[in-house]
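This report looks at pairings between side chains, taking charged groups and aromatic rings in turn. Please read it alongside the sequence and the coordinates.

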Amino acid sequence: MPVSRSTRRALAAVFAACVVLPLSACGSSGGDSGTADASGKVEGDITFQTWNLRANFKPYFEGLIADFEKKYPGTDVKWIDQPAEGYADKISADAAGGTLPDVVNVSPDLVAPLAKAGLALDLDKAASQYRKEYLEGAWASHQIPGTTGTYAFPWYLNTGPLFYNKSLFKEAGLDAEQPPKTYDEVFDAALKMAEKTDGKVATLANVPTIEDFGRYGVELMNKEGTAFTFNDAKGVELLTKYKELYDAKALDPQALTATPESSGKKFLTGAVAMNPGSALDLGNFKKQAPNLYKNIGITDQISSTGHVNMYVMGVMVNARTKRAPAAVAFAHYVTDAAHQMSFAKQVAIFPSTAGSLDDPYFTKEDGTDETRVRVAAAKSLKNAVNYTPVLFSEQMKTELRNEVAKALQGKESPKEALDNAVEACNRLLQQQG
């Protein structure tokens, strides 16, 4: 049950294709990340690159940079903003050409090849004193299986609550005030809903993604980071359950080709009982489906591990920077508690700093839809984890989706489908080098 497109858009990570760097062009075979010395005086000129943020947040970043330069006389921060389209390719080209900025806005999948190429500073070595300032799960999100170290400061987070239709739950004899929390509970509820409505109302509208396998408790990858393992018994169990739902029409028959928009529309019309979303969706319900709006329930993402999924952005320091003290100081400045809090009040994201989610802004209701969703999401983020492996590329997501579709259609057994998906993903992993 992935988050809605609006939530993912807020993270500017919609395409998140894994960058494959020509390592020889980087002048490194990897393994020497973190060689820059971050001790010493904070001074000099540095470049800071963001990912599609200038259009909406120019005053915020200009003010932040001016404050940093005032705090550290003798520093000069040049801000570069790149468009969302082609961001991964731009980073790859800069890495190969030796023109990577000193401080770079990244997502975990983008930082992985940079760390392997020796271009991402290991913050566990260079800035370990700051680790305690961040949520544990957020700090861990820029760690790479098979290596030691953390390769970016965690920046802003996002997650999506799950909406459900209370009236449909009541009509099916389910407790609308106690929505399902685990996968087993949602599967039971879904089968009852389908039986009660003769298959007219599905509970879920999306096929399982890698995040679902993670939230179900499947070990997605070995600890060395050399192979995917989501075809284990627990993974097969999850896909088998989804096949059962699909056959009973408890999973929407069009789930194989569903988009966030199409599944959202089905939820709007009462054809689906549960759907991920955001505060923007609540406003839409209010206008287009007032009856649904009156009966809307908000709960956490489904998880059998006790931890929901988080989406996370980071700020990486170039390990080859000539101004390591200034670059580390600025990356920390951008992501410290005060600046994350001020940024969170400008856009629907959440700070990754410890304690920030206890602020009244994230805990106190004021009667508005926006606050209602913000409070629900913030509560779930405190112990959330980033389930999507940092080495899991867009191509791999497509391979998994294709094999899941074959299993649901009965063309392959769940075991065969996941074996094939893992084989394809491991082949792609080897190609990443």
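Predicted model: local features only at pLDDT ≥ 70, side-chain atom pairs only at ≥ 80, totals over all residues.

## Charges, rings and their surroundings

Arginine 374 lies over the face of tyrosine 361, at 3.7 Å from the ring centre.

Side chains of opposite charge can pair when their charged atoms come close.

| Salt bridge | N to O distance |
|---|---|
| Arginine 215 and aspartate 212 | 3.2 Å |
| Aspartate 247 and lysine 243 | 3.1 Å |
| Lysine 266 and aspartate 252 | 3.1 Å |

Arginine 215 and aspartate 212 are 3 residues apart in helix H10 (residues 210–216), which means that about one helical turn separates them, and both residues are buried. Aspartate 247 and lysine 243 belong to helix H11 (residues 233–247), where they are 4 residues apart, about one turn of the helix; aspartate 247 is exposed, because its relative accessible area of 51% is over the 50% cut-off.

The side chains of lysine 266 and aspartate 252 also meet in a salt bridge. Lysine 266 lies in helix H12 (residues 260–268), whereas aspartate 252 is in the loop between H11 and H12, so this pair ties together parts that are 14 residues apart in sequence. Lysine 266 counts as partly exposed at 22% relative accessibility, while aspartate 252, at 6%, counts as buried.

Turning to the aromatic rings, the count comes to 31 aromatic pairs. One of them is the edge-to-face pair of phenylalanine 48 and phenylalanine 330, with 4.9 Å from centre to centre and 75° between the planes. Phenylalanine 48 lies in strand S1 (residues 44–51) and phenylalanine 330 in helix H15 (residues 324–335), so the pair ties together parts that are 282 residues apart in sequence. Phenylalanine 48 is buried at a relative accessible area of 0%, and phenylalanine 330 is likewise buried at 0%.

For phenylalanine 61 and phenylalanine 343, the ring centres are 5.6 Å apart and the planes stand at 65°, so this pair is edge-to-face. It links distant parts of the chain, with phenylalanine 61 in helix H3 (residues 54–71) and phenylalanine 343 in helix H16 (residues 337–344), 282 residues apart; both phenylalanine 61 and phenylalanine 343 are buried. One aromatic cluster includes Phe48, Phe61, Phe330 and Phe343, and among its other members are Trp79 and Trp155.

Terms used
Residues numbered from 1 in each chain as written. Heavy atoms only, no water. Salt bridge = Lys/Arg side-chain N within 4 Å of Asp/Glu carboxyl O. Helix = DSSP H or I, 4+ residues; strand = E, 2+ residues; numbered from the N terminus. Buried < 20%, exposed > 50% of the residue type's maximum accessible area, 1.4 Å probe, protein only. Phe/Tyr/Trp six-rings, centres within 6.5 Å; stacked < 30°, edge-to-face > 60°. Lys NZ or Arg CZ within 6 Å of the ring centre and 35° of its normal.
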